[in-house]
Amino acid sequence: MNIEKKHTLFLRYMAIIALIFIFIGMIILQFSSTEEKLIVLFSLTIGYIILAVMVYSIYVNYVRPIQSILTTAKELTNRNYNARIYVPSYGDAQLLGNAVNTLARHLQEISIEQKVQASEWKTVMDNMESGLMLIDERGYVHLVNRKFSEMFGYSPNDCVGYLYYNVLTDKDIHKVVKETFLYEEKMKNSITHIMNGETQYIEIVGAPVINEAKELKGSVLVFYDITKLKRVEQVRKDFVANVSHELKTPITSIKGFAETLLDEEITDKETQKQFLSIILKESSRLQSLIHDLLELSQIEKDELQLSMKWIEAEEWLTTSVSLIEQQANKKQLQFEIYLEDKLAFYGDPDLLQQVVLNLMYNAVNYTPEQGKVTLRLYRDQDYTVIEAVDTGIGIPSEALPRLFERFYRVDRARSRSTGGTGLGLAIVKHIVEAHHGHITVESELGKGSCFRVVIPDKW
Ligand SMILES: Nc1ncnc2c1ncn2[C@@H]1O[C@H](COP(=O)(O)OP(=O)(O)OP(=O)(O)O)[C@@H](O)[C@H]1O
Ligand SMILES: [Mg+2]
């Protein structure tokens with residue numbers, strides 16, 4: 001309350017009293033003699049002054065504090081808990097003022113506590129790995145967390161205050177909410193949801209919110225993103241299907257020829273030999289398949305233990321080079337090797353040898369006779385680069401993204417005829433990644449391919 005207002009009120013009171021005194025004075029003066037008039041005027045003036053002092057004192061000690069208390073109370077009802085009474089007062093007005101100030105302080109403390117709690121809750125909810133939605137008993141959304149917004153692309157403003165079925169249109173979600181309300185029990189369901197063009201698999205759990213009086217007050221929906229899990233499951237399923245398929249072919253063939261040899265009278269030595277050699281070839285295929293699978297599972301184990309050594313490239317490559325040379329000679333391929341002088345680097349020599357052999361065997365296998373295969377090893381800044389280049393059949397561009405998948409072969413029939421299992425590049429990729437490196441391919445159909453492995457010095 002400002003000073004002008006404070007005085008206006010006091011002056012107004014004094015003006016009213018003055019009017020009353022003047023009125024009384026005029027009446028008394030009419031009936032008084034001249035001498036008495038002076039005494040009356042004097043008494044009235046003194047009386048007025050005494051009354052003014054009394055009114056002022058009452059005004060300052062009671063009226064003004066109570067006005068201030070009233071203003072503060074109004075501020076408190078408007079949730080301004082900083083409001084306080086500062087006007088000095090006495091007696092009961094002082095007690096009342098103190099009580100209101102204490103009340104205001106308590107309200108302020110409670111409100112701060114509530115704010116802290118609310119922000120703690122918000123932090124917890126926003127950092128949850130699952131989406132969250134709180135619905136009241138009428139179906140209105142009261143709260144969603146950050147993960148929910150990320151999952152469905154709705155900000156809290158798009159959801160809070162709206163009916164849940166207007167926000168989420170999926171019928172399976174409606175079913176969960178309805179059943180949670182109906183049975184007052186936890187309900188589960190899963191949905192697929194497309195977000196930014198990608199399919200998400202989401203599991204929803206709805207739980208009823210029941211108060212102390214055992215009344216249903218709403219429902220909490222929790223959304224778990226199970227996309228990664230689904231993918232892992234799919235990869236596992238594909239893997240089992242692929243392995244079974246890969247094993248089935250040679251086994252069927254071995255069984256078929258063995259049965260034919262047993263059941264039918266094949267006297268012709270040449271045919272017998274032919275059948276037996278097919279059996280031998282197919283069993284070697286089985287053997288190499290199982291060998292590769294074991295190797296892959298070994299490499300895929302959570303943490304591949306690398307036995308890191310300082311590799312002097314020239315010495316390290318001697319065995320590999322002679323093995324590659326043999327293969328290349330068999331197919332009358334030209335084999336060239338480019339090795340940077342005194343090249344040396346850190347890595348697991350055995351595993352990296354597998355990388356070189358796998359890539360170079362592919363180069364040999366997928367290059368027709370008279371072609372050329374090249375192995376290059378050189379340094380590029382902080383990296384060691386291994387390149388396997390060929391002038392072979394090349395790889396169609398649409399096959400490139402899938403090339404490193406287990407069992408992927410561009411031309412199944414052709415690869416199988418070369419004894420390939422389709423696991424070689426998957427193994428290579430794992431080894432390279434265990435060295436924190438990466439592998440890339442450039443290829444042109446009919447012209448040839450270049451596989452480039454880059455291994456960093458530090459990681
Ligand atoms: N240098 C290359 N030129 C052309 N195609 C290639 C080359 N390297 C790989 N490929 C293609 O990629 C596929 C996958 O190669 P990967 O080495 O993983 O399997 P694979 O050679 O068939 O069998 P293996 O597991 O015995 O190596 C091959 O089947 C082949 O189609
Ligand atoms: Mg291969």
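**Figure 1. Ile 135 and its bridge partner in β2.** The bridge partner of Ile 135 in β2 is Val 141. The model is a predicted one, in which local features need pLDDT of at least 70 and side-chain atom pairs count only at pLDDT 80 or more, while totals for chains, interfaces and linings use all residues. Residues are numbered from 1 along each chain as its sequence is written, chains are lettered from A and ligands numbered from 1 in the order in which they are written, and side-chain values use heavy atoms, with hydrogens and water left out. Strand β1 (residues 131-136) runs antiparallel to β2, and three bridges join the two. Helices (H or I, at least four residues) and strands (E, at least two) are DSSP runs, numbered from the N terminus; strands pair if DSSP finds at least two bridges between them.

Figure 2. Five strands make up an open sheet with antiparallel pairing, in the order β2-β1-β5-β4-β3. At its edges stand β2 (141-144) and β3 (187-195), each of which pairs on one side only. From one strand to the next, the twist averages 25 degrees; axes are lines fitted to C-alpha atoms, for helices over the stretch in contact, and angles run from 0 to 180 degrees between N-to-C directions. Helix α7 (residues 171-183) packs on this sheet and touches β1, β3, β4 (198-210) and β5 (216-225). The directions of α7 and β3 make an angle of about 160 degrees. Contact means heavy atoms within 4.5 Å.

Figure 3. Helix α3 spans residues 91-126 and contains Asn 101. The relative accessible area of Asn 101 is 14%, so the residue counts as buried (under 20%; exposed is over 50% and partly exposed lies in between, with a 1.4 Å probe and protein chains only). With neighbours within four places in sequence left aside, Asn 101 is in contact with Arg 84 and Ile 85. The Asn 101 side chain reaches the backbone nitrogen of Ile 85 at 2.8 Å. This is a polar contact, a pair of N or O atoms within 3.5 Å; within protein, one must be able to donate a hydrogen and the other to accept it, and residues adjacent in sequence count only if both atoms are side-chain atoms. Lys 74 is 27 residues from Asn 101 in sequence and 13 Å from it in space, C-alpha to C-alpha.

Figure 4. β7 and strand β9 (residues 372-380) run parallel and are joined by six bridges. Across this pairing, Glu 336 stands opposite Thr 374 in β9.

Figure 5. Seven bridges pair β11 and β12 in the antiparallel sense. Glu 442 has Cys 450 in β12 as its bridge partner. Three residues lie between the strands of the hairpin, and Gly 446 takes a positive phi near 80 degrees.

Figure 6. The axes of α10 and helix α11 (residues 349-365) come within 10 Å and cross at roughly 20 degrees. The two helices are therefore roughly parallel (angles under 35 degrees; over 145 is roughly antiparallel, 65 to 115 roughly perpendicular and the rest oblique). Their crossing is right-handed: the near helix is turned clockwise from the far one by less than a right angle, whereas anticlockwise is left-handed. Among the residues that meet are Leu 317, Leu 323 and Ile 324 in α10 and Leu 352, Val 356 and Met 360 in α11. Gln 353 of α11 is buried, with a relative accessible area of 17%. Beyond its neighbours within four places in sequence, Gln 353 is in contact with Trp 316, Thr 319 and Ser 320. A polar atom of the Gln 353 side chain lies 3.4 Å from the backbone oxygen of Trp 316.

**Figure 7. Helices α11 and α13.** The axes of these helices come within 9 Å and cross at roughly 145 degrees. The crossing of α11 and α13 is left-handed. Residues of α11 including Leu 351, Val 355 and Leu 359 meet residues of α13 including Leu 425, Val 428 and Ile 431.
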